[in-house]
Amino acid sequence: MPIPSEKQLLQAACHFGHPQQKWNPKIAPYLYGSLKGIHIFDLAQTRAGLIQVCEEMKKLQAEGKNILFVSTKQQAIPHIERIGHDLNQPVVTKKWIAGLLTNWPTLKRRLQYYLDLRRSFQTGDVEKYTKKEQTHLRKELTKLDSALSGVSTMTGLPDAVFVVDAVRDHVAVLEAKKLGIPLYGICDSNADPDEFTACVPANDDAVKSIDLLLGTILEELSSAKMQKKAAPEKKEEENAPRNVIASSY
């Protein structure tokens with residue numbers, strides 16, 4: 001999917017911000033104006049921001065870096081889950097676990113406990129416990145699965161974080177900022193663009209806007225993943241010994 005044109009961004013309602021009274025003044029440089037009390041984004045800057053975010057995140061993806069994708073917003077969850085699945089990246093789509101980044105050593109131990117518990121059910125090792133204990137452990141696993149399944153592949157802090165709604169999931173933003181982890185995402189008119197390493201100034205509520213922006217990001221990062229996968233195969237092919245057929249006359 002090529003980067004959408006300004007017309008396509010307009011058709012997807014990416015230009016609509018929040019009511020004027022709910023804005024963050026720092027977003028002013030990214031606005032075109034207002035219409036009936038609603039802030040309107042400058043779609044030339046929306047497109048430029050989308051290009052920058054895609055380019056920087058593609059570089060991370062191509063280098064095999066870990067990007068944590070975050071959205072607890074219902075209309076964005078299917079996209080985030082697909083991004084996590086297709087790109088093999090960690091995601092948070094339920095409630096943000098306080099300290100997931102800033103208290104990583106403790107969360108890492110909790111995550112290991114979850115993985116061990118899940119493995120015990122998969123291997124049948126849990127059968128060594130009484131039925132009452134098994135019932136308790138199953139309930140605990142269900143609870144942990146809801147909270148930690150999306151980050152079960154994390155072995156350390158992510159190299160970057162992407163958020164769909166920086167106001168709704170502001171704790172994730174603050175934790176990334178505190179640790180100096182690069183932050184990318186969509187920045188609506190009620191959010192602070194200064195908190196991002198790079199952002200897409202756009203509507204983070206409308207379904208069509210989310211569909212277009214996250215769909216573009218997935219396609220762009222998927223291409224980077226394919227290039228990374230193809231690179232070793234190409235190098236291996238170049239280094240392979242060539243068969244020389246000698247002709248005798």
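Student: Which element do the buried residues of α4 pack against?

Tutor: In this predicted model, the buried residues of α4 pack against α5, residues 131-148.

Student: Which residues of α4 are buried?

Tutor: Buried means under 20% relative accessible area. In α4, that applies to W104, L107, L111, Y114, L115, L117, S120 and F121.

Student: How many residues does α4 have, and what span is expected?

Tutor: Helix α4 covers residues 104-123, which makes 20 residues. From first C-alpha to last, α4 reaches 28 Å. That is close to the 28 Å expected at 1.5 Å a residue.

Student: What comes just after α4?

Tutor: Look at the backbone of G124. This residue takes a positive phi of about 90°.

Student: At what angle do the axes of α4 and α5 cross?

Tutor: Roughly 125°, and the axes come within 10 Å.

Student: Is the crossing of α4 and α5 left-handed or right-handed?

Tutor: The crossing is left-handed. On the α4 side, the contact is made by R110, L111, Y113, Y114, L117, R118 and F121. On the α5 side, Q134, L137, R138, E140, L141, L144, D145 and L148 take part.

Student: Now the strands. How do strands of a sheet pair?

Tutor: Strands of a sheet pair through backbone hydrogen bonds, either parallel or antiparallel. Here, three strands form an open sheet, with antiparallel pairing. Their order is β1-β3-β2.

Student: Which are the edge strands?

Tutor: β1 (16-19) and β2 (31-35) are the edge strands. Each of them pairs on one side only. Neighbouring strands of this sheet are turned by 30° against each other on average, direction ignored.

Student: How many bridges join β1 to β3?

Tutor: Two bridges join β1 to β3, residues 38-41, and these strands run antiparallel.

Student: Let us step back. How many helices and strands does the protein have?

Tutor: The secondary structure comes to seven helices and eight strands. The C-alpha trace spans about 85 × 65 × 30 Å along its principal axes.

Student: What percentage of the residues count as buried?

Tutor: Of the 249 residues, 44% count as buried.

Student: What share of the contacts with a separation of 6 or more comes from residues 24 or more positions apart?

Tutor: Such residues account for 65% of those contacts in the protein.

Notes. Residues are numbered from 1 along each chain as its sequence is written. This is a predicted model: local features need pLDDT of at least 70, side-chain atom pairs count only at pLDDT 80 or more; totals for chains, interfaces and linings use all residues. Side-chain values use heavy atoms; hydrogens and water are left out. Helices (H or I, at least four residues) and strands (E, at least two) are DSSP runs, numbered from the N terminus. The expected span of a helix is 1.5 Å times one less than its number of residues. Buried means under 20% relative accessible area, exposed over 50%, partly exposed in between (1.4 Å probe, protein chains only). Contact means heavy atoms within 4.5 Å. Two strands pair if DSSP finds at least two bridges between them. Axes are lines fitted to C-alpha atoms, for helices over the stretch in contact, and angles run from 0 to 180 degrees between N-to-C directions. A crossing is left-handed if the near helix is turned anticlockwise from the far one by less than a right angle, and right-handed if clockwise.
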